Amino acid sequence: MIEHRPHIYGVIGEFEKPEQLVHAATKIREAGYRYYECYTPFPVEGMPEAMAMRRNDVPLITLIGGLIGGLGGFGFQYWVNVYAYPLNIAGRPYNSWPAFIPVTFELTILCASLSAVFGMLALNGLPQPHHPIFNAHRFRHASADRFFVCIQARDKKFHLKETARFLQGLAAHHVSEVHDD
Amino acid sequence: MSAGEPPINSPEITRLTPVLGPGHTYASVTDKISAIVLTRPTSLGWYIGFLIAFSVFGVLNIAIGWLIMKGVGIWGINIPIGWGFAIVNFVWWIGIGHAGTLISAILFLLNQKWRTSINRFAEAMTLFAVACAGIFPLIHTGRPWYAFWMFPYPSVMGIWPQFRSPLIWDVFAVSTYGTVSLLFWFVGLIPDLATLRDRSVTKPKQIIYGMLALGWRGSARHWQRYQSAYLLLAGLATPLVLSVHTVVSFDFSVAIVPGWHTTIFPPYFVAGAIYSGFAMVITIAIPLRKAYGLEDFITMRHLENMAKVMLATGLIVAYGYFFEFFMSLYSGNKFDVFLVQQRLHGPYAPFYYALILCNILIPQLLWFHKMRTNVIVLFLMSIVVNVGMWLERFVIIVISLTRDFMPSAWGRYSPTFWDWATFIGTMGMFVMLIFLFVRVLPAISIAEMRELVTETSEEHK
């Protein structure tokens, strides 16, 4: 038997209040850590600023999706009515564009919404059935009433004992290591 | 309770009835809402209610089965009334759905905190109502197995749908509406599914909720994108919901039938949709909060606000009726004038008067605070409005179609047993889905309630 030595994913600390986590996240960033993540049961105000997150790409993806839906929807109706299946009804124009607006509109909304949701999931890397953070002992509270921060081992500044002490210094409870598998 | 819990609301400061009962913490809202799904034993009342609804759903299946065997001749429709119950019910159901999107999207954009505890089940209601609505045009085609012809696909017949027809617009509007409502609802559910996954104790529940939660772990970076996506969906759903009933009204107003061919139809259909939708939300909310002891979450403030929205949209609808009436007379068009006479004195006049009574007169009671805060009055009122809105569609469709331009084309319409069976059957399906929903999914958004805990505790600091 080969002795199985778990790899360390990171060190996790727990807070009871969202403000404490925001404070801790700011301190962690200021201390020079780059690879860390906060886990909260609801979106906490001030968190993106504390972690210095950049703007996300969901709006851009949504815009592109909406444009594709709108232009594609109109273009498709144009193609059907002018080229593929032209119907001459009392000499009215084939490209009777006002009549194409409702479907164009609906397809714009449809494609933009699908892009927003699937774009968000893709950028978040979801669905992802397993993640090392779920190994953390008390992590089930992250979806209820506790606020967690995990500093990852891949960070250059990461040192198991030092980082743990650092988190304790930020008044985190239950500071513990998280295994990789 | 540890010192870390958020501060408790002090009741003496709350002047208005709060949107969240006092004393709630992150843990308590999580426990209370998830317990309905996870730990609370299924009550006898649930089983009885579900069984009744399920039986009525069975009636729907029989009605549809018989329809497929025999054709639409089993219904009361014939020339000149080709639409009948199927379209009355379609418009009624799709209208009911609108309140869910209004609550979840428009009130979200307007930052109305009170939407939080009612948006989840209102969205579920939207989905189920759209499902019920979708059945009717589908089976009304007579050959529902060819319904896919309405979608543009490269067929061997070499033909394409007629994109200039409001009926094709309807296909796109309703299917987009159904899809976007589902997305909105599901995105809202993801964090709560993660909560249920983490709180389940049995393996099957952990696996099912775990799969549905897509591995959500509440990461701050995920939340940031999640919030963007949710906000964008709300922004997209807002014009969408207004467009859906507009397109539905085009089915009528693009035609030249007297009483249909009016420009007031789109706004007045949308207002009517929201009116009936809020009535249905109240119809569901009142028994729900009672049965599951959710009075702290769905407070009187919610009910009263919904009653106010109902009153406001009801007045818009009344305005619509008035101008429909006025413009018909003012136009001097003899067919339009005749239609008004038919509404007032024709064979279907009792329906028109009942409609005025249900949609305009009785809801005026909502001006009184006492009435808005009386749960029983409100519940009965919501039923009255639902009946009224159904009558509205009946009046629009049946009176216009039975009395168009030539007396030789006039006719009468009465529904058959199978019309009623299908209509009541969809109600059974709707109620059954609601019952299943409250049993297996959190009927109130837990994640948003936690945000509300933070906000209300800040307000009372």
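Me: Leaving aside its neighbours within four places in sequence, which residues is Met120(A) in contact with?

Reply: Contact here means that the C-beta atoms of two residues, placed from the backbone, lie within 7 Å. By that test Met120(A) touches Val58(A) in its own chain, plus Arg225(B), Tyr226(B) and Ala229(B). Bear in mind that this is a predicted model, where local features need pLDDT of at least 70, side-chain atom pairs count only at pLDDT 80 or more, and totals for chains, interfaces and linings use all residues. Residues are numbered from 1 along each chain as its sequence is written, while chains are lettered from A and ligands numbered from 1 in the order in which they are written.

Me: Is Met120(A) buried or exposed?

Reply: You count C-beta atoms, again placed from the backbone: 20 or more others within 10 Å makes a residue buried, 12 or fewer exposed, and in between it is partly exposed. Met120(A) has 27 C-beta neighbours inside 10 Å, so it counts as buried.

Me: Where does Met120(A) sit in the secondary structure?

Reply: Helices (H or I, at least four residues) and strands (E, at least two) are DSSP runs, numbered from the N terminus. Met120(A) belongs to helix H4 of chain A. From Ile12(A), 108 residues away in sequence, Met120(A) is 26 Å apart in space, C-alpha to C-alpha.

Me: How many residues does each chain bring to the contact?

Reply: Chain A gives 52 residues and chain B gives 47 residues. H4(A) supplies the largest share of chain A's side, 14 residues.

Me: What classes of residue make up the side of chain A that touches chain B?

Reply: For the classes, Ala, Val, Leu, Ile, Met, Phe, Trp, Tyr, Cys and Pro are nonpolar, Asp, Glu, Lys and Arg are charged, and the others, Gly among them, are polar. That side has 35 nonpolar, 11 polar and six charged residues.

Me: Which residues touch the most other members of the largest nonpolar core?

Reply: In soluble globular proteins, nonpolar side chains tend to be buried together. A nonpolar core is a set of buried Ala, Val, Leu, Ile, Met, Phe, Trp, Tyr and Cys residues joined through C-beta atoms within 7 Å. Here the largest one has 187 residues, and Val149(A), Ile94(B), Ala129(B), Phe278(B) and Val281(B) touch the most other members. Take Ile94(B): beyond four places in sequence, its contacts include Ala129(B), Val130(B) and Val248(B).

Me: Why is chain B called as compact as a globular protein of its length?

Reply: Start with its make-up: 15 helices and zero strands. The radius of gyration is taken over C-alpha atoms, and the globule rule is 2.2 Å times the number of residues to the power 0.38. Chain B comes out at 23 Å, close to the 23 Å that the rule gives for 461 residues, so it is as compact as a globular protein of that length. Of those 461 residues, 49% count as buried.

Me: Which residues of helix H11 of chain B are buried?

Reply: In H11 (residues 349-361), they are Tyr352(B), Leu355(B), Cys358(B) and Asn359(B). Down the axis of H11(B), the buried residues fall within an arc of 135°, so they line one face of the helix. Their cover includes helix H9 (300-331), helix H10 (334-345) and helix H13 (375-402) of chain B.

Methods:
The arc is that of the directions from the helix axis to the C-beta atoms.
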